[in-house]
Amino acid sequence: MTVLVVRPAPACYELAETLNQSGIKALPAPLLSFSAGNDLPSLTHSLNTLPPHSVVVAVSPRAIEYAHQQLQDENASWRDDLHYVAVGEKTAQVWKAKSGVDAIQPPTEDSEGMVSLSVFEKPESLQVVILRGNGGRALLGDTLTNHGAKVRYFEAYQRHWTSESLSSLAMQWRAENVDTLVITSGEQLSLLCQTISECDQQWLRECHILVPSKRIYNQAIGLGFNAISCVNSASNHALFHALNEMINSGHSDDRQQ
């Protein structure tokens, strides 16, 4: 097995290093870099003007990292009278480590899991701030808005896609006999499938792909992948465990949900 880890740095390099140290050949492929979001200067004011028991949602660890740094720069802190929701285990861990916030986590790391949380049971007149990157998905916000919540998207960071030629990179990956992909976002999956040659796309679809959510699982099926594992988490720990299980079970070519 040779694993291509397609996720942003530094998590990309961390997982690849852990896999290589355990004897699983892995190549990092960080297709994204990041910078501070345009809304950060108004973060402190936005949080301070929320009514008590409003909800702050963070969609990624990076959203927390940029937001928390902004609060620190202004000698501000996360309010004790707000509800905090993290989309995913890693996001919750980062929030806890940086600020002591015990964020609620959904049962699954997608919008469907989010709206099932008790904090959203009565969304009428609820105010929700969603910390995310530029151009993030709107499904959660749209769903809450349709149920009466007042939602504001807050750009905590910006994504910058790699300028390297993916066609050239794909040739390198094939030469390294990559047969397994870890892809942690639908955007990265779409980028790969849309910008490499048809020959490389056929090779890509023959790889076993590990994804963190049912949404990306369904996206991969739609793109023609046959061997897909839904890990139900984007954490490096969960992805590493899933790859080890694949090797130990000898079923690395089976479709799994």
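Which residues lie nearest the centre of the second largest pocket? Among the 14 residues that line this pocket, Arg79, Asp80, Tyr84, Val101 and Asp102 lie nearest its centre. The model is predicted, so to speak of local features a pLDDT of at least 70 is needed, side-chain atom pairs count only at pLDDT 80 or more, and totals for chains, interfaces and linings use all residues. Residues are numbered from 1 along each chain as its sequence is written, and side-chain values use heavy atoms, with hydrogens and water left out.

**View 1. The second largest pocket.** Helix H3 (61-73) and strand S5 each supply at least two residues of the lining, helices (H or I, at least four residues) and strands (E, at least two) being DSSP runs numbered from the N terminus.

**View 2. The largest pocket.** The volume, taken as the space filled by probe spheres set on grid points joined across faces, edges and corners, is about 1,100 Å³ for the largest pocket. Its lining comprises 48 residues, of which Val59, Ser60, Pro61, Thr184 and Ser185 lie nearest the centre, and helix H4 gives the most to this lining, with four residues.

**View 3. The open five-stranded sheet.** The strands follow the order S3-S7-S6-S4-S5 with mixed pairing, two strands being paired if DSSP finds at least two bridges between them. The edge strands, S3 (32-36) and S5 (83-86), each pair on one side only. Strands S6 (residues 127-133) and S7 (residues 150-161) run parallel and are joined by seven bridges, and the bridge partner of Val129 in S7 is Arg152. Helix H6 (residues 139-146) packs on the sheet, touching S4, S6 and S7, with contact meaning heavy atoms within 4.5 Å.

**View 4. Helices H7 and H8.** The axes of H7 (residues 166-175) and H8 (residues 186-195) come within 9 Å and cross at roughly 95 degrees, axes being lines fitted to C-alpha atoms, for helices over the stretch in contact, with angles from 0 to 180 degrees between N-to-C directions. The two helices are therefore roughly perpendicular to each other, a class that covers 65 to 115 degrees. Leu166, Ser167 and Trp173 in H7 meet Leu191, Leu192 and Thr195 in H8.

Key: 1 Å grid on protein atoms, 1.4 Å probe; cavity = no way out; pocket = protein on both sides within 12 Å on 5 of 7 lines; lining within 4 Å. Parallel < 35°, antiparallel > 145°, perpendicular 65-115°, else oblique.
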